[in-house]
Amino acid sequence: MTHHTKFNPNYISICNPASSLSLIFTSLFLSWKRVRGSRRGDFCKEMGENGVVASKLCYPAAAMEVVAAELGHTAGSKLYDDDGRLKRTGTMWTASAHIITAVIGSGVLSLGWAIAQLGWVAGPAVMLLFSFVTYYTSALLADCYRSGDESTGKRNYTYMDAVNANLSGIKVQVCGFLQYANIVGVAIGYTIAASISMLAIKRANCFHVEGHGDPCNISSTPYMIIFGVAEIFFSQIPDFDQISWLSILAAVMSFTYSTIGLGLGVVQVVANGGVKGSLTGISIGVVTPMDKVWRSLQAFGDIAFAYSYSLILIEIQDTIRAPPPSESRVMRRATVVSVAVTTLFYMLCGCTGYAAFGDAAPGNLLTGFGFYEPFWLLDVANAAIVVHLVGAYQVYCQPLFAFVEKWAQQRWPKSWYITKDIDVPLSLSGGGGGGGGRCYKLNLFRLTWRSAFVVATTVVSMLLPFFNDVVGFLGAVGFWPLTVYFPVEMYIVQKRIPRWSTRWVCLQLLSLACLAITVASAAGSIAGILSDLKVYKPFATTY
């Protein structure tokens with residue numbers, strides 16, 4: 001037999017009682033047959049420790065087929081992939097939707113400000129540079145999904161699994177810390193961005209009623225709480241395979257608000273009677289020479305953050321259906337599509353924002369109130385941002401959720417609280433034949449851990465409501481190690497590239513250049529955060 005299945009005492013179904021009872025009786029039958037001894041063709045398992053066999057449990061092959069049939073694990077079943085997991089159904093388009101959801105985030109709205117710091121020459125050039133680096137290193141990382149053969153090799157389910165399979169020692173621990181710390185940071189950044197967009201809806205309506213002279217100062221704290229409550233609800237979606245619909249909805253929302261921002265920028269350029277801005281960016285005199293340096297470096301971080309998604313690439317690739325073609329080929333095509341689409345939108349939105357406002361380009365195109373009217377269109381755009389960030393938050397946090405839950409199950413495998421799933425009926429309709437309605441698998445540990453995570457990130461967001469500086473710092477810190485260094489090192493090991501060969505030297509030079517950009521960008525963002533802290537009051541900041 002291909003699949004051997006045993007009754008799981010940690011799982012209780014109240015949605016299909018007939019199936020559950022049959023499994024119980026089958027399990028009792030197997031227990032009775034154990035004492036009959038092993039027969040040829042039976043499935044046997046030796047029990048013992050330190051190489052000493054204490055007992056041998058033998059399950060009759062025929063009885064095992066009964067259990068397998070109950071669960072759908074029949075020989076030749078097409079419901080499962082080569083690793084025994086449920087068959088993956090993802091395609092290039094669903095993978096592209098996941099990537100676009102993760103990439104075209106709130107970062108797109110800060111690109112007008114970023115280009116304003118760099119100017120018409122360096123701004124678009126840096127954006128193209130980051131898009132190329134992101135595509136190239138993502139293609140390297142996609143080749144590391146399977147160890148060995150790209151179609152039949154052992155799967156690596158997460159970014160950490162890929163690092164562990166190709167690298168060793170302290171590198172694995174450093175990667176794990178950076179990946180999950182970056183995910184926490186992204187969750188905080190998205191909470192800040194979502195609250196500012198919700199607040200912007202309120203302020204746009206206030207400006208429309210009270211006039212543009214009214215400051216309409218409003219605290220962002222209540223809106224962070226609202227976003228946190230929504231994320232607690234959506235965080236109970238168990239895994240990536242079940243959030244494709246949320247990713248597609250979020251991707252549509254990202255195109256919605258990006259298009260609105262682009263359209264408003266074009267209208268503003270026409271109203272101005274020409275294009276604003278200069279070749280070198282914001283002028284000395286408008287800012288001090290030192291501020292010009294720091295803001296330029298921070299702009300690098302903002303652009304890096306706008307392209308950051310490598311830390312969840314392996315998890316996205318694990319949703320793609322089995323070969324042919326290989327998952328790595330499908331993922332490379334998805335990367336080409338998504339990076340090309342996002343770069344086009346970034347160029348249009350960033351350049352249009354700078355053309356419309358010049359040196360005065362706001363840090364967030366739709367919430368910095370470069371635009372006041374039409375207020376209802378701003379409301380639609382900001383609502384789309386919020387919906388998108390709800391989905392993006394989940395796409396980014398799923399790897400961390402899965403890591404903690406997997407670790408807890410390995411640490412306490414017999415804990416009822418951690419391992420037991422309880423089916424909660426989603427409808428009261430029963431249906432004939434012992435079938436039941438749709439069910440949600442409730443896990444108490446998942447409920448409490450994920451809710452606690454969302455609460456923690458929401459509280460930290462209330463303490464650090466600095467959108468641009470936080471975005472720049474996150475982009476800088478995560479860019480080199482997760483987007484460049486680890487993919488390059490894993491690819492070198494995977495493809496056995498000889499040390500000091502031409503290709504090895506080129507890859508190392510790419511890594512070193514990106515390290516220099518990361519250090520400089522982080523310094524610029526830290527300087528911005530320190531400047532913000534001088535006038536900041538916890539839980540009392542208004543916009």
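Student: In this predicted model, is Ser 511 buried or exposed?

Tutor: Ser 511 belongs to helix H16, which covers residues 502-533. The cut-off for burial is under 20% relative accessible area. Ser 511 has a relative accessible area of 4%, so Ser 511 is buried.

Student: Which residues is Ser 511 in contact with, leaving aside its neighbours within four places in sequence?

Tutor: Contact requires heavy atoms within 4.5 Å. With those neighbours left out, the residues in contact with Ser 511 are Trp 480, Val 484 and Tyr 485.

Student: How many aromatic pairs are there, and why is the pair of Tyr 190 and Tyr 396 edge-to-face?

Tutor: The count is 15 aromatic pairs. For Tyr 190 and Tyr 396, the ring centres are 5.9 Å apart. Planes over 60 degrees apart count as edge-to-face. This pair is edge-to-face because its planes stand at 80°.

Student: How many residues apart are Tyr 190 and Tyr 396?

Tutor: Tyr 190 is in helix H6 (residues 170-210) and Tyr 396 in helix H12 (residues 375-411). Tyr 190 is buried at 2% relative accessible area, and Tyr 396 is buried at 2% too. The pair links distant parts of the chain, with a separation of 206 residues.

Student: Which parts does the aromatic pair of Phe 227 and Tyr 393 tie together?

Tutor: The two rings are edge-to-face, 5.8 Å centre to centre with 75° between the planes. Both Phe 227 and Tyr 393 are buried. Phe 227 lies in helix H7 (residues 221-234) and Tyr 393 in helix H12, so the pair ties together parts 166 residues apart in sequence: helix H7 and helix H12.

Notes. Residues numbered from 1 in each chain as written. Predicted model: local features only at pLDDT ≥ 70, side-chain atom pairs only at ≥ 80, totals over all residues. Heavy atoms only, no water. Helix = DSSP H or I, 4+ residues; strand = E, 2+ residues; numbered from the N terminus. Buried < 20%, exposed > 50% of the residue type's maximum accessible area, 1.4 Å probe, protein only. Phe/Tyr/Trp six-rings, centres within 6.5 Å; stacked < 30°, edge-to-face > 60°.
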